[in-house]
Each structure stands twice: as C-alpha cells, then as structure tokens.
Amino acid sequence: MPIRMSGLMSGLDTEAIVAELMSVQSMKKTKVQQAKTKLEWKQTAWSDLNSKLVNLYNKYVSKMQMEATYKAKKATVSDTSKANVTAGINAVNGNYTMEVKNVATAQYLTGGKINASSTNTKLSTIDQDLVNQEIVIKNGDKTEKFVVTANSTIADFTKALKNAGLNANFDTAQKRFFISSKDSGLENAFSITSSAITQDELDKQQAIRDAVGYSNMSTENRKKVDDAITALQTSGESGDAYDKALDTLAKAATDTKTAIANSAAENYVKAKLYSEKYNENYTTAESDSELKAKYYADSGEVTDELKKSYGEKYEALSAEERQKLDDQGKTKEDYIKDQAEADYKAALKKKADELTTTYVNDRVANDETVKQDIKAAALRGKTVDDINGLGDEAKQKYYKSGVAAFAGVTDQTYDTVKSDITSAVNDYAKMDSSARRNAGESALDKLGLANIEVADGTVKVNGAANDGKSAPEGMALVEASDSVILLNGAELTSSNSTVTANGLTIELTGKTQPGEPITFSVNNDVDGVYNAVKDFLKEYNSVMKEMYTLYNAESAKGYEPLTSEEKESMTDEDVELWEKKIKDSLLRNDSTLDGIMSSMRSAMMTQVSVNGKNYALSSFGIMTSTDWTEGGQLHIYGDPDDSVYGDRDDKLKAALTNDPEAVVKALSGIFTNLREAMGQKMSAVPNYSSALTFYQDIKMKSDLKDYEDELDDWDDKLAEMEDRYYDQFTAMERAMAELQSKQSSLSSLMGG
C-alpha cells in the first residue's frame, strides 16, 4: 500500500473524507451486486420449480397418456398359499380353475462324507485310484473336463464345477461336496461322469501337446488344443472331426510360433530404439515411470518438476563442488541440464539392457537361425539411422508394421508345422475307444459322489434308477423338475416357479391336492385405475398450487438484498425474514410462469372425441373447485377422500365400470394434449434453455456471468477512483506546504 499524506498541512481527516466519497461511489457497485444476488435466488427458485414440473412430466403425465394405464387388470385368487396371479392388460377377463401338479426344483447333489478336512487336500491322498480319472461335467451347453493329476486338490475340482456354471462348495465341517444348478428346471439339469484314462492315452496326449508347443501357448490356444484332443477321442484317422482337429492343432502351433517371434521382434526393436535414443513420441508413449521421470527432451528443455528436483541437488552442493562448476564456466542452469541428460541416458541404457535381455531369452528353442530372422524382419533391412531419418509419424507406422508384418511362419512353414504334429495325432487317433478308457472304472464314489447322467428327463445314478441303492453311502440327489399346472384343463410347464400364459403371470408357491383345484378371476382393475388418476391429480394440483402461489406472491418493493454492513446491524432471524420476503416474490407476475400455467390449464380443458361423442375431464366428474383462490386445482367429485366434494356422484368410477373404453380414449387423449403443451414450453426459446427445462437457464447463466464481469470492472473503477481522490488531496497538501514555506521565507525577509 502506498504511503499517503493525510491532512498534515490542512488538518483535514483525509481518509475519512475519501472513505465517505467512496461509499457514495460504491453504491453503484452495490446495486449490481444486489441485482446479481436476486438473479441467483431467482435461478434457484426456477430450478426447484423446474424439478417438480419435470417430475410431473416424466413420472405422471407420460404414464397417464398411455392407454395401457387404463387397461389394468387384477386377479383374485382363492388360495394364495398355492399361487399368486398377476393379470396383464392382455389377460382375458373371466373365471379360471388351476391345479398345481409340481413346482420347479433345481438339481441338488449332496455328497457322502469323505476323508478330507481341507480344500487344499490332494485328491490322490483320498484315494490313489482318482489319479488319471477324467471327470466330465455337463451343464446345459457347457462341458467342463477335469483330469485328476497327482497334485489336483479339492479346490481344483470345486473350481471345475463352478467353471461349468454350477454352485459348488466343499464343507470342511461336514466333509461333503454340495453341488447344485444355479437355475431350476429340467433344462438346467447337470450330469457328472468319470472314467479312468490309461497311461498310454496320457502319453499320447502329451506327445501331441509337446508337438504343438503347448507350454508356450496362450490360455486361448491351450483351450483350442484341449478341445481338439477331446474331438480326437471319438474319431479315427479320417473324417471331418479328425481333419478339423488336425487343422486346429496346426493353427494353434503356428499362432504360438508367430506370437513368440513377434514378441522377440518387438523387444529387439524397442531395445535398439531405446539405445539410439528414439524420438520423443515413442518414449512418452512407454509406460515406464522411471524413463518418463528422467526424460530429457532433444530441445534441451527440462520440465519444471525436474528443475525443482535438480535445483535442490545444486543447492546442496558443497562450496568446493560449486567452485569446480564455476571454474568450468557452468551455471546452475547448466548443472540442471547436465544432470537431466546424464540421468536420462542412464535410464535409456538400463531400459535397453532389460529389453535386450528379454529379446535374447524370448527364443523359440534357442534357434540361432530364428534369432537372425527376427532381427532381419524387425528392422526389415533398415538401420537405426534409416529409421531415425523418418518423420515421427512414419517412425511409429514403421515400428508397428515391422512387428505386425513379421509373419515368422509362411504358408510353407504352416504346412511344415502341420506335418510335424500329424504323426503324433495319428498315433493317438489309431487308439480304439477301449484303449482310451477303462469302462466301469469310475472313481467318483471316492469323492462321495456317483456317475450321474440325465437324458430325456430321466436321471440315472451309476447306470441305475435314482432310488438311493446305487449311490455311495450318504449321497443324496434332488432331481431337477419343471413346474406343471393344469389351467382350465390344459397342461402348461415352465422351468422355474413362474408360469406365463395369455397375459397371466402365475407365481407358484405350493402344490394343490389331487382333485382340489384353486380358482381365480380376472377383471378390470377399476380401483387401480381410479387411484392412478387420483395420484396424478394430487401431483398436478401440488405443482399448480405452487406456481399459483409464486405468481400471486405479495410485492417486495423496497426490499433489496442486504449488504454485509446491514446484516451486522440485524439479528439472524430478521435477516432470514427479510430475505424470505424477497425470495417469495421473485416469480411474482413472471410471464414465463404465467405461460406455463395457462398452457397446462388450457390442455386440461380440452375435449376429445370418442366414437362421435365429445368428452372432457368434467364428463367424468373431474372439475375445478368453486374456490377461485385454489388457482385451478382439480377434484374428483364423489371421491370419498375429498372432504369438500366427497358427497357428489362419482362419475369417474361409474365410467370406469360401465364404459371403460370411453375413459381410456378420453383421458389418454387429454393427457396427451397436456404432455404436448408441456413439451412445447420446454422448447419455447431455443438456445436459451437446456433440454427438459421450462425456464431460460442458459440465459440466466449468461446474465450472471455479465454481472460478474461488471463487478470486476467496478472493482477496477473504484480502485482507480480512490487513488485519484488521494492524489488530489496529496496535491492540495503539497500546495499548502509550499505556500506555508513561501510565507515563512517572506516573513523572515521582512524581519517578521
């Protein structure tokens, strides 16, 4: 703040005078601030009202314009302990009889107790015969195969069951498996079977896996190989299944070799490009935090972050180290640049070394010829200098194509790969089915389970009926079943406890006794529709009442938002009452609000023609009150909940009962008119209002911004004005000082 002379010569209280002058000038800024505050309050008032209007529009009007709202049906059931019935709008009115023969069940398998206390227990420790068992789990269109190895655990088997889409758990307290379908119904029944795999088959399967490079494959390609081997289990040396399996194996092997070669090529290119300090775009694109942090651009610019970091290092240098830099003619900026460049080069070298190591290790059987092919294909005959001579965009394209275009496996190579695995596949395919599986050697009983097969709705346990005699001790099986009902004599089924038919949704909760059907009736839901109209009118009246109150609010003339000084002289309660007076009046006589109310009232007064007869809301006893202060609220005459008009004739309920078609057409038509009227008000002023907005919210935001800019301008003006006042008083003080000095000099000359 500048030092100001304050009445030293004149004796005036300059600061008080300037403050008073500025107070007068600040009144203009205060008026702008008050206008801005009122606009902010008005924006809030409109926003609150808009939310209620949009809710009315979306939740109520949109519903009431649909004819389906007035076609609701209801079902009355004689025994809800057996079923609950919901009637859709397409359900046929009338009386129904129904027998519930069965309620759908999910298949549920509880295993017998086994000698295992942990999910980490190896299956081989339960029984050695489990090793080399192949357990096949079928659930709908999913098939999961689990081959038991010496290291397979209970957790591994449980995971396989879950992979097949089943609920599965091994309870360590009960020492049993609990397995069930996730959904009920016969279509969701599952089967679990197993058979022993001979060592000869295992060896031949492994030979196939070795031939295709299984250990280096991705999870996706491994699954392809496993599926191909599964297909070979039932095929000989010829046929479509055999040819398809062979092609699948060859393709998977080729894809794997290509992927490994491409990975090697990519790492080689990266190593070369890093070591030659490749362009900024490539470096920045790498997700290597160390390299990014130490990045030093070719332009010599160092980031602010690095400047701070290296600057702190510079400040920590000893006096001797500082002197050494001075002797070399290097400044602090030179030191920072040198450090950045040195650390960046070190990071580049480290990254290049890491990638080179990866490149060397990522080989296909350490084949030197392949390594040389990768190098040649990766750079495609170009040196690093050639690459760096290209533009940045070309470098990126070249790099990507250099890797992607490296086939690594030509058509001729594909044929070679196929030839290499054919002999292994042939050896396996020559095995007859009896050599692949030892029938009857299932060991599922060692897990407290059994071979469970489901075919055509029939369940077999270890090849026999599910009567508990063929299952291991303690195992229990609840079979999957469909819901079955007799509806008016016709048998209907469903895979779950819900049966849908002809517009009816039937939730089954229990079986009926033979010869003791339940009954239910379907009729128009007069009460439901009546209540829907009441709910709509309640919301409509609430919004209309609020708009009427806001529009006809008392005037707040003479009231303006309080300044900070004014608030300090009033109690909090008085401030609140003052501001409420202003806020309540903000939409008084608002033309936009008036337009919305008028449009909505007009729409609700329209008439709709149905079969040549005109209908209005009044045709159904929906009318305004005789109390004009309600502002156009609507009542259902005869509504027992209406304390004023409840004793009138209930025309609406009578029409819903006797002439529902007229109600449907008339009310949906009138509410469609209301929806269109409200929609037009939301799009009345393009570019001034947002979507689903009844007021000019965009313009208000713009006006508020203008006020903010004007207030900023006033801040500058007032500051300049204050400086000018002080400058004027300072000039006056100087003039008076000079005058006094001259008077003193004159007085001394005259001997005064």
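Which residues in helix 4 meet which residues in helix 5?

Analyst: This is a predicted model, in which local features need pLDDT of at least 70 and side-chain atom pairs count only at pLDDT 80 or more, while totals for chains, interfaces and linings use all residues. Residues are numbered from 1 along each chain as its sequence is written, and side-chain values use heavy atoms, with hydrogens and water left out.

From helix 4, Gln205, Ile208, Arg209 and Val212 meet Val225, Asp226, Ile229 and Leu232 of helix 5 (contact means heavy atoms within 4.5 Å; helices are DSSP runs of H or I with at least four residues, strands are runs of E with at least two, and both are numbered from the N terminus). By class, this contact of helix 4 with helix 5 has five nonpolar, one polar and two charged residues (Ala, Val, Leu, Ile, Met, Phe, Trp, Tyr, Cys and Pro count as nonpolar, Asp, Glu, Lys and Arg as charged, and the others, Gly among them, as polar).

Two packed helices are described by the angle between their axes and the distance between the axes. The axes of helix 4 (residues 199-212) and helix 5 (residues 219-232) cross at roughly 140° and come within 11 Å (axes are lines fitted to C-alpha atoms over the stretch in contact, and angles run from 0 to 180 degrees between N-to-C directions). Helix 4 is therefore oblique to helix 5 (angles under 35 degrees count as roughly parallel, over 145 as roughly antiparallel, 65 to 115 as roughly perpendicular and the rest as oblique). The crossing of helix 4 past helix 5 is right-handed (the near helix is turned clockwise from the far one by less than a right angle).
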